[in-house]
Amino acid sequence: VSTLPLEGGSARLGCDGTTSASLAKAGEGNDHGPQAPGTAWKELIASLEVGLTLVGLLSFTDPPKDSAAEAVQALAKLGVETKVLTGDNELVTAKVCREVGIPVTKVVVGSEVDALSDDALLPLAIESTVFARLSPSQKQRLVRVLRSTGTIVGFLGDGINDAPALR
């Protein structure tokens, strides 16, 4: 499979002689929720960059459950602060947090976590509510840093990659 630059996206040449193109630039529209990248295909004849036929749009959405906002409110009434640690995109994550009532004070991404010592990370971990584009080890590190203050930290993961942070 080869990837070629294409205005507004990229084209991929498959082993079967077909070409597909992604016409939407990654990241555009992320702060508004779901994206709809365009896709196209063409049998390989001559140029990959002209004559593509738009065959459809793809849209991905994973809305929060209806009960999520109520659960966040109930936890807040009990004095529990909710923080979100995810591997997902920071703009979409912040939007979902706002939808369910989690205040978005500051969004921290994984590369920022990696750039800081534990001592420098601690105040950021305390003051921030949204952590995005995190690897499992970065999630684990944030949980450990928050626990180092004596704070009780609960962590709910939805996949096997969250197991390190659950220990």
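At what angle do the axes of helix 4 and helix 5 cross? Roughly 85°, and the axes come within 9 Å. Helix 4 is residues 118-127, and helix 5 is residues 136-147. Helices here are DSSP runs, H or I, of at least four residues; strands are E runs of at least two, and both are numbered from the N terminus. Axes are lines fitted to C-alpha atoms, for helices over the stretch in contact, with angles from 0 to 180 degrees between N-to-C directions.

A word on the model. It is predicted, so local features need pLDDT of at least 70, side-chain atom pairs count only at pLDDT 80 or more, and totals for chains, interfaces and linings use all residues. Residues are numbered from 1 along each chain as its sequence is written, and side-chain values use heavy atoms, without hydrogens or water.

Now the contact, meaning heavy atoms within 4.5 Å. From helix 4 come Asp 118, Leu 121, Leu 122, Ala 125 and Ile 126. They meet Arg 141, Leu 142, Arg 144, Val 145 and Leu 146 in helix 5.

Which residues of helix 4 are buried? Leu 121, Leu 124 and Ala 125. Buried means under 20% relative accessible area (1.4 Å probe, protein chains only). Down the axis, these residues fall within an arc of 100°, so they line one face of helix 4. That arc is taken from the directions from the helix axis to the C-beta atoms. Their cover includes strand 7 (107-109), helix 3 (110-114), strand 8 (130-132) and helix 5.

Last, Gln 138. This residue sits in helix 5. Gln 138 is buried, at 6% relative accessible area. A polar atom of its side chain lies 2.7 Å from the backbone nitrogen of Ser 135.

Note on methods
Buried means under 20% relative accessible area, exposed over 50%, partly exposed in between (1.4 Å probe, protein chains only). A polar contact is a pair of N or O atoms within 3.5 Å; within protein, one must be able to donate a hydrogen and the other to accept it, and residues adjacent in sequence count only if both atoms are side-chain atoms.
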